[in-house]
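Biologist: I would like to learn how to read a model like this one, feature by feature. Could you give me the general idea each time and then turn to the case at hand?

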Amino acid sequence: MEIREKGSEFLKEELYKAQKELKLKDEECERLCKVREQLEQELEELTASLFEEAHKMVREANMKQAASEKQLKEAWGKIDMLQAEV
């Protein structure tokens, strides 16, 4: 009977250790999942911000190009008028 009790006690201790270790691993998994979710959210925000900035830069470049083309057209018009006067 004593051997059975010692065996039972040993198994209970091993079960307790295994449960404690499992709980720690579960907590670590939860922590890592939260970190992953946070990183994914930050990545989405950075990606959206990057695309916004890229679109803004393209829009500004297009506006500058249009303004430059308008100035060039006006300059050619002035040149044509001056040549006509001469």
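Modeller: Let us begin with secondary structure, where helices (H or I, at least four residues) and strands (E, at least two) are DSSP runs, numbered from the N terminus. Over residues 8-56 the chain is 100% helix and 0% strand, with the end C-alpha atoms 71 Å apart. Before going further, please note that this is a predicted model, in which local features need pLDDT of at least 70 and side-chain atom pairs count only at pLDDT 80 or more, while totals for chains, interfaces and linings use all residues. Residues are numbered from 1 along each chain as its sequence is written, and side-chain values use heavy atoms, with hydrogens and water left out.

Biologist: How many helices and strands are there in the protein?

Modeller: The protein has one helix and zero strands. That helix is α1, covering residues 2-85.

Biologist: What do the UniProt annotations cover, and how should I read them?

Modeller: UniProt positions are given in the numbering used here, feature names are shortened, and annotations may be inferred rather than shown by experiment. An unreviewed entry carries the annotation "coiled-coil region" for residues 8-56, and the annotation "domain: GDP/GTP exchange factor Sec2 N-terminal", also from an unreviewed entry, covers residues 10-74. In the model, residues 10-74 are 100% helix and 0% strand, and their end C-alpha atoms lie 95 Å apart.

Biologist: What is the radius of gyration of the protein, and what would a compact globule have?

Modeller: The radius of gyration is taken over C-alpha atoms, and the globule rule is 2.2 Å times the number of residues to the power 0.38. A compact globule of 86 residues would come out near 12 Å, but the protein has 37 Å. The C-alpha trace spans about 125 × 10 × 5 Å along its principal axes. On a local scale, the C-alpha atoms of His 55 and Glu 42, which are 13 residues apart along the chain, are separated by 20 Å.

Biologist: What share of the residues count as buried?

Modeller: Buried means under 20% relative accessible area, exposed over 50%, and partly exposed in between, using a 1.4 Å probe and protein chains only. Of the 86 residues, 0% count as buried. His 55, which lies in helix α1, is exposed, with a relative accessible area of 53%.

Biologist: How many salt bridges does the structure hold, and which residues form them?

Modeller: A salt bridge is a side-chain nitrogen of Lys or Arg within 4 Å of a carboxyl oxygen of Asp or Glu. The structure holds five salt bridges, among them the pair Lys 6 and Glu 2, whose closest N and O atoms are 3.6 Å apart. Both residues lie in helix α1, four residues apart, about one turn of the helix; Lys 6 is exposed at 54% relative accessible area, and Glu 2 is likewise exposed at 54%.

Another of the pairs joins Glu 14 to Lys 17, with 3.7 Å between the closest N and O atoms. These two are three residues apart in helix α1, about one turn, and both are partly exposed, Glu 14 at 34% and Lys 17 at 49%. Glu 28 and Arg 31 also meet in a salt bridge, at 2.8 Å from N to O, again three residues apart in helix α1. Here Glu 28 is partly exposed at 36%, and Arg 31 is partly exposed at 43%.

Biologist: Why does the structure hold zero disulfides?

Modeller: A disulfide is a pair of cysteine sulfur atoms within 2.5 Å. The structure holds zero disulfides, because the sulfur of Cys 29 is 6.4 Å from the closest cysteine sulfur, in Cys 33, which is too far for a bond. Cys 29 is partly exposed at 46%, and Cys 33 is partly exposed at 33%.

Biologist: Which residues form a nonpolar patch on the surface?

Modeller: Patches are made of residues with over 30% relative accessible area and no salt bridge, where like charges are joined within 9 Å and nonpolar side chains (Val, Leu, Ile, Met, Phe, Trp, Tyr) within 5 Å. Accessible areas come from the Shrake-Rupley method with a 1.4 Å probe, and for residues only the protein chains shown count as cover. Leu 72, Trp 76 and Ile 79 form a nonpolar patch, with about 310 Å² of accessible area together. Ile 79 lies in helix α1 and is partly exposed at 36%.
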